[in-house]
Amino acid sequence: MSSTKIFLKSSDDKTFEIDETAARASETLKNIIDGGCLDGVIPLPNVSSNILPKVIEYCKKHGGDNGSSKKIANGGVDKDKEILPDYDEEEDKREKVRVDELKKWEEEYMDFDQQVLYDLMLAANYLHIKGLLDLTVEKAASMIRGRTPDQIRENFNINSDFTPEEEEEMILIEDEWDDEWAFD
Amino acid sequence: MNDCSSSSSASPFESSPSAVATDESDSPHSSLLLPNLPDDIALQCIARVPPFYHNELSLVSKSWLSMLRSTVFLSTCDRLNCSRHFLYFNVEIYGSSFKWFALDHNPKNPRNLYPVPPIPSQPIGSTFAVLGPKIYALGGLVNNTLSSAVWIFDSRFNRWESGPKMHIGRKLAIAGVLNGKIYVMGGCGQSTNWAEVFDPVLGFWAPIPSPVEVTRRLFCASAVMEEKFYALAYYQGGVVFDPCDSSWRNAPTELSLRWRGRVVVDGILYCYDGFGKIKGFDLKEGKWKELKGVQRDSPAFIVDVVMANVGGRLFVLWVENRNQTEISCSEVEVSKDSNGGLWGSIVWSEVILAVPVSSYIAACLAVEF
């Protein structure tokens, strides 16, 4: 494996170093590398120096390995396993340990506030790092599901743009749904 | 099985209650869904929230309301391509009404249960089967007549639709899914249509020839194991139907001894034994074994137990009469030790719903979408 160093420059002109293998976790960087347009430093005008190290940390963990992150996205179960002829119980156990370890890492990695979450989502989108985008989008979804409309508006700073009349009608609709709970 | 492509291009939200004039256009929304995030990313975030929340999400703001009704949103949901498993269950208040719920357990969620739209007119004694993201409600009793009606719930769009009718009316039939097809048997008199199979690709039911000595029996439960359909009977013994060669054989006698709650996880058929224990049947060994590590202290209050395999985990729901009637749920991780012993460890367990006294769980189903 080559361990060529790549240099990335953040929007605020700070330079960071990353292994080529790790950088390949990003489709955008991979295309730049493969395109041979590598001219010393790759400028990333959409990613600040606050967030770039976090992105690099993710790439280091996942560079050259998209298999395990895919398994996590499927809830840790590899659906294709059953049809593999050389299914190996020991290998399966090792894989489970690997997946568990990765899950734990992701849990710690994802412990940050909403601003970082947004920035990371934007960076993952811009750099086409599918695993990181999935992870961050899933986290945002978890902040929506199970919350009341009021809580969602507050958490995400959303203005309810319903007119007072519409608001009233929406409350009626909500009451109707609440009735679905009630046993008569 | 897990075909995520949309089978319907119509907006599933058009039938949802609305007193508010909405912009039905599919153009990108000018107002921001999640402030400080581009709408295409916000769409992806919201699309990951399971569909049974969507009704409530439309109360957040006008832009959320119109976004949830747009085809852009639906196609984003379709493209997600991440498999998720949820438990849906149906509570029947004896002789009165039915309620459907979806369970989304998460310690961080303030609540676990979400109401799911009811079947427009749910027959009594329907049989249920799940194909990928769809729940099929088969037959039942309507105005004291056996119904051949089929209702299909698409969990991706959170709504029921009527489906292709069976050839014969039935109630309390048995059903199972094999090779992406629904098999339904019994719950009717002796008939050439006693057993039928539904192919969702072709969209119709076809009768399966079945021997008279099989159709005479009274079946109470079914299970699908090793690509075969096991029909369990109270008294006359069970049978095994193999769709590969359309053969019928007698099932191991031991197998028909238990039928309450039955579900298959990792090839083991689990049942509730009626005395506070869960038992598992290993087809290879041909005997029932206790699931150790999950025994309860006071089984006397338990009225009804149902189970489902939700993404490889054993979910147990039961109705219990203590001070009031309640439905509780346990998520159990099951494993097999090197001696073939069955072990369960409870991941979480709590009361999820208070219900009227005469309630029981008519269906408990794992849905994948």
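Strands here are DSSP runs of type E with at least two residues, numbered from the N terminus. Please keep in mind that the model is a predicted one.

**Where chain B meets chain A**

- On chain B, 53 residues are in contact with 42 residues of chain A.
- The size of an interface is often given as the accessible area lost when the parts come together.
- For chain B and chain A, about 4200 Å² is buried between them, and carbon and sulfur atoms account for 64% of it.
- Four salt bridges are found across this interface.
- Asp104(B) pairs with Arg145(A) in a salt bridge, with 2.7 Å between the closest N and O atoms.
- Six residue pairs between chain B and chain A are in polar contact, counting pairs with both residues at pLDDT 80 or more.
- Several elements of chain B each supply at least two residues to the side that touches chain A, among them helix 2 (54–57), helix 3 (62–68), strand 1 (85–93) and strand 23 (342–354).
- Helix 1 of chain B gives the largest share of that side, five residues.
- Sorted by class, the side of chain B that touches chain A holds 33 nonpolar, eleven polar and nine charged residues.

**Nonpolar cores**

- The largest nonpolar core has 82 residues, and Met121(A), Trp64(B), Tyr88(B) and Ile135(B) have the most contacts inside it.
- Setting aside neighbours within four places in sequence, Tyr88(B) is in contact with residues including Phe52(B), Val116(B), Ile135(B), Phe153(B), Cys364(B) and Phe369(B).
- A second, separate core of 20 residues includes Val91(B), Phe101(B), Val319(B) and Ile327(B).

**Two loop residues of chain B**

- Gln236(B) is found in the loop between strand 13 (228–233) and strand 14 (239–242) of chain B.
- Because its relative accessible area is 41%, Gln236(B) counts as partly exposed.
- Beyond residues up to four places away in sequence, Gln236(B) touches Arg216(B), Arg217(B) and Leu218(B).
- Phe219(B) is 17 residues from Gln236(B) along the chain, and their C-alpha atoms are separated by 8.8 Å.
- Ser121(B) has a relative accessible area of 48%, so this residue is partly exposed too.
- Between the C-alpha atoms of Ser121(B) and Leu33(B), 88 residues apart along the chain, the separation is 36 Å.

Terms used
Residues are numbered from 1 along each chain as its sequence is written. Chains are lettered from A and ligands numbered from 1 in the order in which they are written. This is a predicted model: local features need pLDDT of at least 70, side-chain atom pairs count only at pLDDT 80 or more; totals for chains, interfaces and linings use all residues. Side-chain values use heavy atoms; hydrogens and water are left out. Contact means heavy atoms within 4.5 Å. Buried area is the accessible area (1.4 Å probe) that two parts lose on being put together, summed over both. A salt bridge is a side-chain nitrogen of Lys or Arg within 4 Å of a carboxyl oxygen of Asp or Glu. A polar contact is a pair of N or O atoms within 3.5 Å; within protein, one must be able to donate a hydrogen and the other to accept it, and residues adjacent in sequence count only if both atoms are side-chain atoms. Helices (H or I, at least four residues) and strands (E, at least two) are DSSP runs, numbered from the N terminus. Ala, Val, Leu, Ile, Met, Phe, Trp, Tyr, Cys and Pro count as nonpolar, Asp, Glu, Lys and Arg as charged, and the others, Gly among them, as polar. A nonpolar core is a set of buried Ala, Val, Leu, Ile, Met, Phe, Trp, Tyr and Cys residues joined through side-chain atoms within 4.5 Å. Buried means under 20% relative accessible area, exposed over 50%, partly exposed in between (1.4 Å probe, protein chains only).
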